[in-house]
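Hi everyone, thanks for coming. Let's have the sequence and the structure up on the screen, and I'll talk you through a few contacts.

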Amino acid sequence: MSDEQEDRSGLASADDRLRRLLDAVLSIAAGLSLPVVLHQIVESACELVGARYGALGVIGDDEHLVEFITVGASEETVEAIGHYPEGRGILGLLITDPSPLRLRDLSAHPASYGFPDHHPPMHSFLGVPVRVGDEVFGNLYLCEKRGAAVFGEDDEALIVSLAAVAAVAIDNARLHERLEELAVLRDRERIARDLHDKVIQRLFATGLSLQALVQRLDGPVPDQLGHAIDELDATIAEIRNAIFSLQGRTADRTNLSAAVLQLVDEITQPAGLEPAVRIDGPLSSLLTPAIGDELLVVLGEALVNVVRHAGAGHVRVSVHADVRQVVLRVVDDGHGPKDDGASGHGLANLEIRARRLGGTCSLTADAGETALEWRVPLHE
């Protein structure tokens with residue numbers, strides 16, 4: 001072959017490698033889901049350098065492999081092996097020293113750990129780290145070069161280039177996932193807001209209207225209306241629980257104290273009650289998410305009982321929290337709530353909620369005032 005023919009052959013080979021790399025880049029860039037992108041990276045790497053087997057090992061915080069995406073081995077083989085590697089031997093070598101590694105025979109390397117039972121034979125090896133920003137996301141592992149005994153320098157250069165593209169694709173997929181999560185959170189917030197502003201307010205207004213109607217009627221009809229009011233109470237409580245769930249954990253909310261104030265205002269204003277609220281202690285930092293949510297539910301039930309049954313004109317709410325406990329007190333100047341247990345409401349329900357958290361709930365009446373106290377320990 002003449003020098004001119006060799007030059008043309010080398011040029012054609014370089015053009016072919018560039019074309020294959022471009023195809024791989026386009027294939028990877030088409031994915032948005034992170035699992036799809038990771039699998040496509042391994043497939044593209046195998047096609048790019050003619051590897052029979054390929055894998056992408058994702059490195060966890062403890063510098064062990066927490067995910068292992070494979071291409072080439074059959075499902076039966078993967079199932080027979082039984083578990084993915086944790087990052088020992090040659091795979092561990094790339095974790096501790098994240099730089100390209102080419103081997104003619106895996107088993108001949110001093111760091112070789114050996115293969116588990118049912119593992120297909122593998123000799124030639126090419127490993128390249130995948131860096132996302134300053135972090136080593138994982139390593140690309142390629143084995144068994146088709147048509148050759150070893151992966152060449154050109155193969156290494158191609159996979160290094162592919163790893164750089166893979167890093168961008170992984171970062172993009174992560175961003176896409178975060179945007180999707182944000183969209184879900186915003187949708188949850190919108191639903192919670194609609195439930196609060198539209199559904200609860202309408203149900204509460206309907207309950208107040210029915211309560212007024214009961215007081216003007218005699219006979220069996222008021223009993224039926226009373227049952228309907230209890231059902232509305234139960235529905236409102238369930239919707240509030242759903243709103244708390246949609247809004248996320250208490251620790252993620254801006255301010256638990258603000259949530260207490262909002263709930264008091266929401267329940268007392270339509271009833272014409274004059275509330276006084278006192279909050280002692282940083283609720284959001286002292287209360288766990290579960291206790292914070294329970295506090296709001298209990299406060300809501302206590303206030304609804306005051307509005308529905310106490311005939312009160314004023315109500316005082318106090319919440320005191322320290323490192324030992326949280327104490328909620330709801331004091332009104334009415335004749336006290338009816339504890340008929342209908343629809344799971346009344347004092348019995350609040351006592352159950354307190355006991356479930358290792359606390360207590362009591363109702364006392366003295367000098368024209370009725371006081372409900374809900375006390376729950378914060379630390380054992």
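Which residue forms a salt bridge with Asp-322? That would be Arg-324, with the closest N and O atoms 3.3 Å apart. By salt bridge I mean a side-chain nitrogen of Lys or Arg within 4 Å of a carboxyl oxygen of Asp or Glu.

Some housekeeping before I go on. This is a predicted model, so local features need pLDDT of at least 70 and side-chain atom pairs count only at pLDDT 80 or more, while totals for chains, interfaces and linings use all residues. Residues are numbered from 1 along each chain as its sequence is written, and side-chain values use heavy atoms, with hydrogens and water left out.

Back to the charges. Searching the whole structure gives 11 salt bridges. One of them joins Asp-155 and Lys-145 at 3.1 Å, N to O. This pair links distant parts of the chain, 10 residues apart: Asp-155 sits in helix α5, and Lys-145 in strand β5. Helices (H or I, at least four residues) and strands (E, at least two) are DSSP runs, numbered from the N terminus. Both Asp-155 and Lys-145 are buried; buried is under 20% relative accessible area, exposed over 50%, and partly exposed in between, using a 1.4 Å probe and protein chains only.

Another bridge pairs Arg-353 with Glu-301, at 3.5 Å. Arg-353 is buried at 13% relative accessible area, and Glu-301 is buried at 6%. Through shared partners, Glu-294, Glu-301, Arg-353 and Arg-356 form one network.

Now the nonpolar side. A nonpolar core is a set of buried Ala, Val, Leu, Ile, Met, Phe, Trp, Tyr and Cys residues joined through side-chain atoms within 4.5 Å. The largest has 36 residues, and Trp-374 is among those touching the most other members. Helix α9 gives the most to this core, with 10 residues. Beyond its neighbours within four places in sequence, Trp-374 is in contact (heavy atoms within 4.5 Å) with residues including Glu-294, Leu-328 and Arg-353. Another core, of 34 residues, lies apart and includes Leu-34 and Leu-162.

Last stop, the sheet. Five strands form an open sheet in the order β2-β1-β5-β4-β3, with antiparallel pairing; strands pair if DSSP finds at least two bridges between them. Strands β1 and β5 are joined by seven bridges, and Gly-54 has Leu-142 as its bridge partner in β5. Thanks, and over to you!
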